[in-house]
Amino acid sequence: MSKDKGVDSNRRAIIIGGAAAVAGIAAGIVIGGNAFPRTITQVQPEVTTVKQEETVTQTATATTTATATTTSPPTTSPVSVGFVRQKVANYSQLQVGTPVTANYMGYTVYIVRTGVPSVGGVGPNGDVVGYSAYCAHMGYILVYDPNTRCLLCPQHFSQYDATAGGMQVVGHPNQYLPQLILEYDESTGDVYAVGFNRLVYGTYNTAAQAPSPSMGES
């Protein structure tokens with residue numbers, strides 16, 4: 001009986017000691033946990049914000065308004081101020097193909113019956129025309145050719161059609177031959193000149209530069 005009691009006492013001591021040890025370990029864990037708290041550091045990932053700069057290119061469009069300038073061709077007045085009305089021939093004097101030389105305000109002119117209706121022609125058949133006797137190229141005196149009805153320059157062989165308003169046919173001139181503006185008096189047959197339709201060679205104002213005062217009737 002004493003032997004069993006001794007065993008129980010030892011067991012009891014062991015159990016009590018084990019329990020005390022477990023309790024001590026638990027207490028140590030609790031005390032240690034409180035004394036040395038576990039620190040958890042969370043590392044936040046670094047977020048880098050990239051600011052995108054938007055470049056806007058503005059294209060300026062320049063609008064130019066073009067102003068169209070219209071230049072009208074110069075007009076030639078058929079009769080300039082300063083010319084006079086002057087008798088240059090009578091119809092009875094004129095034979096087809098044979099020019100009459102006359103003087104109008106100091107300028108030598110030809111009065112011609114071409115035999116066919118002509119530009120600027122007067123008289124019963126509209127075939128009486130008058131022209132400056134000076135070539136429009138260099139001012140040489142012209143001659144009339146009845147076969148071609150042209151006024152010819154013997155120096156440089158220029159030709160002007162007497163039936164077509166003095167139009168240049170061949171040669172150097174780049175303009176028509178100056179033509180007389182004529183009037184016809186049916187009652188008397190007189191032919192009058194009242195001016196030139198273009199500048200006579202060598203003049204910039206044919207009326208103002210007339211070599212001499214007009215002669216004849218007005």
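Strand S2 (residues 100–104) and S3 run antiparallel and are joined by five bridges. Helices (H or I, at least four residues) and strands (E, at least two) are DSSP runs here, numbered from the N terminus, and two strands pair if DSSP finds at least two bridges between them. This is a predicted model, in which local features need pLDDT of at least 70 and side-chain atom pairs count only at pLDDT 80 or more, while totals for chains, interfaces and linings use all residues. Residues are numbered from 1 along each chain as its sequence is written, and side-chain values use heavy atoms, with hydrogens and water left out.

If you follow the pairing, Val100 has Ile111 in S3 as its bridge partner. Ile111 also stands opposite Gly130 in S4, and S3 and S4 are themselves joined by five bridges in an antiparallel arrangement. The S2 and S3 hairpin has two residues between the strands, and Met105 takes a positive phi near 55° there. Strand S3 (residues 107–113) is mostly covered, with six of its seven residues buried; buried means under 20% relative accessible area, exposed over 50%, and partly exposed in between, using a 1.4 Å probe and protein chains only.

## Tyr131 and its surroundings

Now take a look at Tyr131, found in strand S4 (residues 128–132). Tyr131 counts as buried because its relative accessibility is 0%. Leaving aside residues up to four places away in sequence, Tyr131 touches a set of residues including Val109, Tyr110, Val119, Leu177 and Pro178; a contact means heavy atoms within 4.5 Å. Leu151 is another residue that Tyr131 touches, and the two are 20 residues apart in sequence and 9.0 Å apart in space, C-alpha to C-alpha.

The backbone oxygen of Ala162 is reached at 2.8 Å, and a polar side-chain atom of Tyr131 lies 3.5 Å from the backbone nitrogen of Gly165. A polar contact is a pair of N or O atoms within 3.5 Å; within protein, one must be able to donate a hydrogen and the other to accept it, and residues adjacent in sequence count only if both atoms are side-chain atoms.

## Cysteines

If you are wondering about disulfides, the structure holds zero of them, a disulfide being a pair of cysteine sulfur atoms within 2.5 Å. For Cys135, which is in no disulfide, the nearest cysteine sulfur is that of Cys153, 4.1 Å away. Cys135 counts as buried because its relative accessibility is 1%. Cys150 also counts as buried, at 5% relative accessibility.
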